[in-house]
Amino acid sequence: MAANPMSQFEVYSIGPKIQIGSFDLSFTNSSLFMVLTVTVISLFFIVATQKKSLVPNKMQLIAEMAFEFVSKMISETAGKDARPYFPFILSLFLFVLVANLLGMLPYSFTVTSHIIVTFALAFFIFIGVTAVGFAKHGISYLKLFVPSGVPIFLLPLIIVIEVISYLSRPVSLSVRLFANMMAGHTMLKVFGGFVVSLGILGGWLPLGFAVALTGLELLVAFIQAYVFAILTCIYLNDALNLHH
Amino acid sequence: MAFKMKDIKELDSKIKDLSEKTRKAESEPSSNSSLGMAMKLSSEMVAAVFVASLIGYYLDKWLETEPFFLIFLFFLGAVTGILNVVRTSKMINKE
């Protein structure tokens, strides 16, 4: 048994080694769980929407709830203009949520506990939102960096601060998700290790903690997916309705 | 007849229980996210300092003005971080 609590985050390649240029493109356990995440989501929605009845069965109900949850979230935070981006937000929310939840299964791998995965997600959101903003408002999107009612001699400083604030968005978005997932899973593993090392006499207390932490982690898995999606909505709102 | 009344009462209490449960479940996301809120605020602060310092470091490398921009932008990043925290908590309060 691996005693190191960090060994669960190791990425190793499975299958043949694929090298293109200087990039190692081998299929890893991380890629496997990403594929698994997408497969689980797709299968679930295919099965749930198979029999579209007016009175939904359990699976259809869950699918509809996920749909309505995201739809409500978008209309509350980003308004009507954000309707076209509904498929994107829904996929994003479900991907993060299911990746987090799959990570809760024993012996599985948590995709979102790696900063590079969450940063890639956040960075593409950042690029996309900026592109949407420029496409909608043209060059006047730069007004986002110039708050109204600022004295002219403070303007250079304020603009720099606003630009830093804008650039820090993808970092804070990705660090939050990654740090939550990694800290939670490390803690679980540490308490699991305590159970083994204290044995049958003293192991019951950390076992109780581990059970409680598992519940907390399930909550965190949901909250972080929710926060990730809602912040995307908020950024989208800034880009669509320029009222800074 | 008495038997039926008992059934109806039982059903009534069941419905009340369930409706209470759903109401609780509906109010969950907003009340439960205090943990998420704490993480949100702290990461906001750290991210701004980190990004600003990174920009400062590379500006210094490019313009060969070590360590002026690193120090200057570090403090500006701290200012931005506090501004972000204030903004986020304002937004949370509005909700």
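Biologist: By class, what residues does the lining of the largest cavity have?

Modeller: This is a predicted model, so bear that in mind. By class, the lining has five nonpolar residues, one polar and one charged.

Biologist: Which residues are they?

Modeller: The lining residues are Ile125(A), Phe126(A), Val129(A), Thr130(A), Tyr166(A), Arg169(A) and Tyr235(A). Arg169(A) counts as charged and Thr130(A) as polar.

Biologist: Which helix gives the most to that lining?

Modeller: That is α4(A), with four residues. Two helices of chain A, α4 (115-137) and α5 (155-202), each supply at least two lining residues.

Biologist: What volume does the largest cavity have?

Modeller: About 30 Å³.

Biologist: And how many cavities of 30 Å³ or more does the structure hold?

Modeller: One.

Biologist: Let's step back to chain A. How many helices and strands are there?

Modeller: Chain A has six helices and two strands. Along the sequence, the pattern runs β-β-α-α-α-α-α-α.

Biologist: What does the C-alpha trace of chain A span?

Modeller: Along its principal axes, about 70 × 55 × 45 Å.

Biologist: How much of chain A counts as buried?

Modeller: Chain A has 244 residues, and 42% of them count as buried. The chain exposes about 13300 Å². Carbon and sulfur atoms supply 75% of that area.

Biologist: What about contacts between residues at least 6 apart in sequence?

Modeller: In chain A, 68% of those contacts join residues at least 24 apart.

Biologist: Why does Leu242(A) count as partly exposed?

Modeller: Because its relative accessibility is 28%. Buried needs under 20%, and exposed needs over 50%.

Biologist: Which residues is Leu242(A) in contact with, leaving aside neighbours within four places in sequence?

Modeller: Leu242(A) is in contact with His137(A), Ser140(A), Tyr141(A), Lys143(A) and Leu144(A). Take Ser140(A): 102 residues separate Leu242(A) from Ser140(A) in sequence. In space, the two are 9.2 Å apart, C-alpha to C-alpha.

Biologist: Switching to chain B. How many residues has helix α4 there?

Modeller: Helix α4 of chain B covers residues 68-94, so 27 residues by the DSSP run. From first C-alpha to last, the helix reaches 39 Å. That is close to the 39 Å expected at 1.5 Å a residue.

Biologist: Which residues of α4(B) are buried?

Modeller: The buried ones are Leu73(B), Leu76(B), Gly77(B), Thr80(B), Gly81(B), Asn84(B), Thr88(B) and Ile92(B).

Technical notes: Residues are numbered from 1 along each chain as its sequence is written. Chains are lettered from A and ligands numbered from 1 in the order in which they are written. This is a predicted model: local features need pLDDT of at least 70, side-chain atom pairs count only at pLDDT 80 or more; totals for chains, interfaces and linings use all residues. Side-chain values use heavy atoms; hydrogens and water are left out. On a 1 Å grid over the protein atoms alone, a cavity is a set of points where a 1.4 Å probe fits but cannot get out, and a pocket is an open set with protein on both sides within 12 Å along at least five of seven lines; lining residues have an atom within 4 Å of a point. Grid points are joined across faces, edges and corners, and a volume is the space filled by probe spheres set on the points. The expected span of a helix is 1.5 Å times one less than its number of residues. Buried means under 20% relative accessible area, exposed over 50%, partly exposed in between (1.4 Å probe, protein chains only). Contact means heavy atoms within 4.5 Å. Accessible areas come from the Shrake-Rupley method with a 1.4 Å probe; for residues, only the protein chains shown count as cover.
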